[in-house]
Amino acid sequence: MVQEDNDFWAERSLEFSDLRLEVDLEQEPPVYFWKDQFGHLVRIPKYFFLGADSSTTSFIIEGLEHYSENQLFIYDKFGILVGQWSLYNNTWKGATTDGSFLPSDRYFFRLSLPPIQEALRGFFYLIRLDE
């Protein structure tokens, strides 16, 4: 496991983000979305499904190509940092950095998109179909 990030709890709120994420319930499965001042759209899945073969699916965040210095942090429900990436490139397959597969549960994210000052925050459900 990755070390605990102590400012996770200080930043967590019901707003989930200083940049106000919207939820698109019309899309299947639902996604968070946010549009910057240049019209670039970022979509973050609200549900992340993994089948028996975890190698076939990744946690895909659409729109990262517009943010070359992005950073993604993923926390479990206890606030323990379970994944961290600088320059995230849509390759996470539901495991910790030491390779242990995470169970089905709710996880929290913080996504930094420089030059945007505030991070996007929210939660998603990881659902393992093989459990």
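## Fold and confidence

Along the sequence the chain reads α-β-β-β-β-β-β-β-β. It holds one helix and eight strands; helices (H or I, at least four residues) and strands (E, at least two) are DSSP runs, numbered from the N terminus. This is a predicted model, in which local features need pLDDT of at least 70 and side-chain atom pairs count only at pLDDT 80 or more, while totals for chains, interfaces and linings use all residues. Residues are numbered from 1 along each chain as its sequence is written, and side-chain values use heavy atoms, with hydrogens and water left out.

The pLDDT (the predictor's confidence in each residue, from 0 to 100) averages 78 over the chain, and 73% of the residues score at least 70.

| Element | Mean pLDDT |
|---|---|
| Helix H1 (residues 7-11), lowest | 41 |
| Strand S5, highest | 96 |

Residues 1-19 stay under 50 in pLDDT. Where pLDDT is low, the predicted coordinates should not be read in detail.

## Sheet

Five strands form an open, mixed sheet in the order S4-S8-S7-S5-S6. Its edge strands, S4 and S6, each pair on one side only. Pairing requires at least two DSSP bridges between two strands. Neighbouring strands of the sheet are turned by 25° against each other on average, direction ignored; the axes are lines fitted to C-alpha atoms, and angles run from 0 to 180 degrees between N-to-C directions. S7 and S8 run antiparallel, joined by seven bridges. Phenylalanine 109 stands opposite glycine 122 in S8.

## Core

Buried residues (under 20% relative accessible area, 1.4 Å probe, protein chains only) make up 44% of the 131 residues. The largest nonpolar core has 30 residues, and Trp92 and Leu111 have the most contacts inside it. Such a core is a set of buried Ala, Val, Leu, Ile, Met, Phe, Trp, Tyr and Cys residues joined through side-chain atoms within 4.5 Å. Contact means heavy atoms within 4.5 Å. Leaving aside neighbours within four places in sequence, tryptophan 92 is in contact with residues including Phe48, Ile74, Trp85 and Phe124.

## Aspartate 76

Where does aspartate 76 sit? Its place is the loop between strand S5 (71-75) and strand S6 (81-86). Aspartate 76 counts as buried because its relative accessibility is 13%. Its side chain reaches the backbone nitrogen of phenylalanine 78 at 2.9 Å. Beyond four places in sequence, aspartate 76 is in contact with Val82, Arg106, Tyr107 and Phe108.

Conventions:
Buried < 20%, exposed > 50% of the residue type's maximum accessible area, 1.4 Å probe, protein only. Polar contact = N/O pair within 3.5 Å; in protein donor to acceptor, adjacent residues only side chain to side chain.
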